[in-house]
Amino acid sequence: MIHISTPLRICLLGGSTDNPHFISKYNKSHIISFTSNYKTHVSLSKPDYDPVKNYYINGFTSQKTKHRENIKNDLVFMVFEHFNIPPVYLSMTSDIQSNGCGLASSSSFLISLIQACCKFTQTTMSQYEIGKLALQLERKINPYTGYQDPFGCLFEGFKSLYSKDDEIYDIQYVANELRQYYNFDLIPTGVNRFSMKILEDISKNVDKILPLYDLSLHGLELLRRQEYKQFIQCINENWKIKKSTSKLITQNKKVRDLDEFCEKRDEILAHKLLGAGNGGFFLVVTRKNEPLTSNIFNVILRNA
C-alpha cells in the first residue's frame, strides 16, 4: 500500500494576487504562507482479491466502478487518466473538515494523489513538476485557482511565493521567530462555500487586489527586519482590504458575526478569513503567553 500525506496551507498575506487575471494584467504576484499541522492523506493499493478488477474510491463519498471514465470525482478521474492507472483501491481522508475550508484542501489531496500515482507507476517527477501538474489539472475544474494552492501545500514551511507570468513560480523560505511569540489558531465558521463564484467575482475587478500585493512585500521586509508586531498588524490590514474586493466574501451572516466577534476580543491581535471567503476557517493570532482560553473558544464556536 502506498500512503502519502500533504499539509494544508495557511495564507497570511497576498492572497488573491495569484489570481490568473491579476497576474495577466499586472505581471506580478506575491504570497506569504506556511503549511499547517493538518494534512490530507491518500492511500493507494492494488486490490488483487477482486476478480472483477474494480476501482474502489473511498472519500467524502464512496464509489465502486469497473470503468475509469465513470469515476465521479473529477480530480481522481483526471489524475488516473493522466497516469493511466488500472483498477485500484483509493482512500482519501483529512485531519480536519476540508470541504470548502479555505486551506487549499483540493490542492492538498491532488498533490497527495499525484505523488501516490508516481510511486504506483514508478514515474519520476520533481516537486516543482508535481506542483505544475496539480495546478494544470485543478484549473480544468476551477480556472481561477491560484498557484499558491498547490505550491503552498507542496513546499512545507514558512515561505514567500512569487510569479510574474503565472508560468514560472519562485519559492523562497523565510526564516523568522513568529511562533516563539504568537499562536496561530483556526476557528471554524461552520459554513462551507464554493469558492469559484467568489473568485469569479473578484476577477471582474482585479484593481482592488493591487494593495494586497504591496502589503505582502511590505510584510516580507518586516519579517526580515524582525519587526513582528508590525507584521501581525499587516494580517489585519490584509483582511480589511480583502473584504473590499468582493461583497461575497462576507455575504453569510455567520461569517460577519464571527468577524465582528474576533474584532472585539482584546486577546485576538489579528484575524482573517482563509481562502476565497464566505466560509471555512478564521485564522486568529494571539500572544504566546495569552492563548485562547477554552471559555473564549467555546464562545467563538457558539457564534460559528
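Helices (H or I, at least four residues) and strands (E, at least two) are DSSP runs, numbered from the N terminus. This is a predicted model, in which local features need pLDDT of at least 70, side-chain atom pairs count only at pLDDT 80 or more, and totals for chains, interfaces and linings use all residues. Residues are numbered from 1 along each chain as its sequence is written, and side-chain values use heavy atoms, with hydrogens and water left out.

**Stop 1: Ala104**

Select Ala104. Look in the loop between strand S5 (89-94) and helix H3 (105-121). Ala104 is not a glycine, yet its phi is positive, at about 65°. Is Ala104 buried or exposed? Ala104 counts as buried because its relative accessibility is 9%. The cut-offs are these: buried means under 20% relative accessible area, exposed over 50%, and partly exposed in between (1.4 Å probe, protein chains only).

**Stop 2: Ser107**

Step into helix H3 and select Ser107. Ser107 has a relative accessible area of 0%, so it is buried. Which residues does Ser107 touch, not counting those up to four places away in sequence? Show Glu138, Asp149 and Pro150. Contact here means heavy atoms within 4.5 Å.

**Stop 3: Gln122**

Now go to the loop between H3 and helix H4 (127-138), and select Gln122. Here is a positive phi, near 55°, in a residue other than glycine. Gln122 counts as exposed because its relative accessibility is 73%.

**Stop 4: Asn37**

Move to strand S2 (residues 30-45) and pick Asn37. With a relative accessible area of 70%, Asn37 is exposed.

**Stop 5**

Of its 16 lining residues, Phe34, Asn37, Tyr38, Phe184 and Asp185 are the closest to its centre. A pocket is found on a 1 Å grid over the protein atoms alone: it is an open set of points where a 1.4 Å probe fits, with protein on both sides within 12 Å along at least five of seven lines, and lining residues have an atom within 4 Å of a point.

Then colour the lining by class: nine nonpolar, four polar and three charged residues. Ala, Val, Leu, Ile, Met, Phe, Trp, Tyr, Cys and Pro count as nonpolar, Asp, Glu, Lys and Arg as charged, and the others, Gly among them, as polar.
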